[in-house]
Amino acid sequence: MFLFDILFPKRCLFCGEVLAKGEKNICLNCYKYFPYKANAEDEYRYKITEVAFEHLDIFLDYAHCKTPIHKFKYGGYISMGRLLGELWAEHLKEKEWIESVDCIVPIPLHRNKLYERGFNQSEVLGRVLSKKLGIPIVTNLIERKVNNPPQITAENRWENVRDVFVLKKKVDLKDKHIMVIDDVITTSATTNYFVKTLRGIKGLKISFAYLSSNY
Ligand SMILES: [Zn+2]
């Protein structure tokens, strides 16, 4: 066992450096970047324009967690995703508004993408959050019709682009507070298309939580 540890020392899941004694999974240097301290949240407040919303939280800077996210999403390391979900849950637990959330809604993948990848990364993360935070998760509520939504320009405007997502089930969301989640937010186009389907539901409150942002 000792020799094994010398030959294959445990490494930080984020940066790959050899872990020091007492460090578990992630080195102290990487923990310095938890949570994301840039002004990304303020930036995205202006970019999510399709609904009025309550809270927006971004846990990590994508630049600091792209290695584990890649391993999880493209390498199929589900256990890595679960670990990220656990770290994320610890972070969200501290938010005073989390107690008012009625359900967690992961952004769905298009069925071709789901078939190709075998899992929806947001749903894997959402299931960990659900368990750790004690909040139910709702899937199959909204279906993704378009794999790669077009970017929004002055010419094509939101309203003129065909629906990327459609509301499938008539789950009663009236007067509920939902937390929409995704692994990464970049342009906010996906989020805007997604929440468009929820417009007009009476009393519905929406918050957003992202594992990371590529702002
Ligand atoms: Zn590290």
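The model is predicted: local features need pLDDT of at least 70, side-chain atom pairs count only at pLDDT 80 or more, and totals for chains, interfaces and linings use all residues. Residues are numbered from 1 along each chain as its sequence is written, and side-chain values use heavy atoms, with hydrogens and water left out.

**View A. The salt bridge between Lys93 and Glu90 in helix 5.** The closest N and O atoms of this pair are 3.3 Å apart; a salt bridge is a side-chain nitrogen of Lys or Arg within 4 Å of a carboxyl oxygen of Asp or Glu. Because Lys93 and Glu90 are 3 residues apart in helix 5 (residues 78-93), about one helical turn separates them. Helices (H or I, at least four residues) and strands (E, at least two) are DSSP runs, numbered from the N terminus. Lys93 is partly exposed, at 43%.

**View B. The salt bridge between Arg199 and Glu50.** Their closest N and O atoms lie 3.0 Å apart. The pair links distant parts of the chain, 149 residues apart: Arg199 is in the loop between helix 9 and strand 6 (205-213), and Glu50 in the loop between helix 3 (40-47) and strand 1 (56-61). Arg199 is partly exposed at 38% relative accessibility, whereas Glu50 is buried at 8%. The whole structure holds 7 salt bridges.

View C. Tyr193, Phe194 and Lys196 are among the buried residues.

**View D. The largest pocket.** This pocket has about 540 Å³ of space. On a 1 Å grid over the protein atoms alone, a pocket is an open set of points where a 1.4 Å probe fits, with protein on both sides within 12 Å along at least five of seven lines; lining residues have an atom within 4 Å of a point. Of the 29 lining residues, Lys73, Arg144, Val184, Thr186 and Thr190 are the closest to the centre of the largest pocket. Strand 5 gives the most to this lining, with 4 residues.

Technical notes
Buried < 20%, exposed > 50% of the residue type's maximum accessible area, 1.4 Å probe, protein only. Points joined across faces, edges and corners; volume = space filled by probe spheres on them.
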